[in-house]
Amino acid sequence: MIKKLSSLFLVCLLAISSANAQQTLSKEERMKWWTEARFGMFIHFGVYAQMAGQYNGHEQAKGGAEWILNRMKVPVVEYKAIAKQFNPVKYDADAWVKTAKDAGMKYLIITAKHHDGFALFNSKASNWDITDATPYGKDLLKPLAEACKKYGIKLGFYYSQAQDWGNAGGSVARKLMREGWPNPDSAKVDAYTAAHKGKWDPVQDTKTFDQYINDVAVPQLKELMTNYGEIAVLWWDTPTNMTDEAALKLQDALKSQPKIITNDRLKRPNFLGDTKTPEQKIPDLSELDGQYWETCMTMNGTWGYRKSDQKWKSSTTLIQNLIDIASKGGNYLLNVGPKPDGSFPQESIDRLKDIGAWMKVNHEAIYATTANPLAEMPWGRITKKSTKNNTTLYLSVFDWPKDGKLKVSGLSNKIVATSLLYNGEKLKASAQGDVITIQVPAKAVDQIATVLKLEVAGDVKAKNLKPAAKMKTGAID
């Protein structure tokens, strides 16, 4: 009974603290820029890029390259020695941010600290950071913050609040040795991790979790919130062994940024944050529940740089993913894993250029749109914008009709105007019942997605959809 009352008290404190911190802005006001943006860049960068998915001559068997310290059970002292080779001399913050802007992205989120505990900034709370542990010796985030301000890109930080494999006391998600490499001592290592809550190195147990939270996590968050200007997003990951007490301390560390947006990975179930975070997956229509959500996704198979990973998604897939997500009212957070020298892989650059070329012509169909109010169409996706008297539907056509007739069903509103988005060319359209038929050119303007602009009178209201399934949100790995 005492435990239940204590938990209830903590939740009440949470609500009061959150309300006080953000009393001047409603959630809708804080989320306005985010819902209009629709598209952002995720960056996973750290010492793991130096290893590039290999250890002791073996390829990491499972999981993203950013998990190599845990999966391969590298001794902490050995991993920290590898940091002495980490020297991203080709890092160019201006180039990174301009690449994002040219791709049509409106915000950028970088791994200020991932699960390995390595900080990309000059932290006074730990010397396990880029300024103290590497030959590079400079704060990576300061020039990035400056470049974001220069190009009008919102800046956000990913922060691993609970898992920390490099700072003593941090929690560790247990992974079996076979998920890393065929260590001859696998049975011994697995037995040790089972007995030590996932930890494989005795140095990880030299402090308590509370000490880690108080001495590293909270001070580092305060540094991030005060040293880099306005921070738009704090992207928590993951709540392994997180407690309500620790979560409240971490949340309180954000109070100097009252406009900040947070996700749902701080501590479940009573620290919901602002956004849901499906990972590597686009929710289907049955999962949509009217909440803010953002799909984070890799361009290839891994978040951090892995030399052997050549499973690149095509530009067509990435562009159609963006359209699909916008048509469901979500955001697309697309990842880049820079190489150890700080440069973006050419494959990422090429795909971002392709996305940027499409967005330059068709951004009106993505930015500040809302979800498709109609049933999903077999030929592509629909996004929506409303004015005082009319509704504009953007029809992104993936499969061009061979008969020259594009049909939009379930729409009984009067047609006001129909055109091709890229040049404004007027198109003929007619209505029969609740089906509008648009006469389109013989060939698609864009083989990936040609956008038509259909303006109709009045509002087009979405049907009340009750989700048939719960959105799969949160970390997969």
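1. By class, the second largest cavity is lined by 5 nonpolar, 2 polar and 1 charged residues. The model behind this note is predicted. The residues around the second largest cavity are W34, I109, V233, W235, I261, N263, T275 and E294. Its volume is about 40 Å³.

2. How many cavities of 30 Å³ or more does the whole structure hold? A search finds 2. The largest cavity has a volume of about 100 Å³. Its lining counts 15 residues. Nearest the centre of the largest cavity lie H44, H114, D237, E279 and W303. By class, the lining of the largest cavity divides into 7 nonpolar, 3 polar and 5 charged residues.

3. Now the salt bridges. The count for the model comes to 21. One of them joins K150 to D94, with 2.8 Å between the closest N and O atoms. K150 sits in helix α8 (residues 141–151) and D94 in helix α6 (residues 93–102), so this pair ties together parts that are 56 residues apart in sequence. K150 counts as exposed, at 57% relative accessibility. D94 is partly exposed, with a relative accessible area of 28%.

4. A second pair is E230 and K154. Their side chains meet in a salt bridge at 3.8 Å, N to O. The two residues are 76 residues apart, and the pair links distant parts of the chain. E230 is in the loop between α10 (209–226) and β6 (233–236), while K154 is in strand β5 (residues 154–159). E230 is partly exposed at 48% relative accessibility. K154 is also partly exposed, with a relative accessible area of 29%.

5. K267 lies in the loop between β7 (261–262) and β8 (294–297), and D244 lies in helix α11 (residues 244–252), so the pair ties together parts that are 23 residues apart in sequence.

6. Last, a sheet. Which strands form the open sheet, and in what order? There are 4 strands, ordered β10-β11-β16-β13, and the pairing is antiparallel. β10 (380–386) and β13 (415–420) stand at the edges. Each edge strand has a single partner strand, so one side of each is left without a neighbour in the sheet. From one strand to the next, the twist averages 20 degrees.

7. β10 pairs with strand β11 (residues 390–397) in the antiparallel sense, over 7 bridges. Within this pairing, G380 stands opposite V397 in β11.

Notes. Residues numbered from 1 in each chain as written. Predicted model: local features only at pLDDT ≥ 70, side-chain atom pairs only at ≥ 80, totals over all residues. Heavy atoms only, no water. Salt bridge = Lys/Arg side-chain N within 4 Å of Asp/Glu carboxyl O. Buried < 20%, exposed > 50% of the residue type's maximum accessible area, 1.4 Å probe, protein only. 1 Å grid on protein atoms, 1.4 Å probe; cavity = no way out; pocket = protein on both sides within 12 Å on 5 of 7 lines; lining within 4 Å. Points joined across faces, edges and corners; volume = space filled by probe spheres on them. Nonpolar A, V, L, I, M, F, W, Y, C, P; charged D, E, K, R; others polar. Pairing = 2+ DSSP bridges. Axes fitted to C-alpha atoms, helices over the stretch in contact; angles between N-to-C directions.
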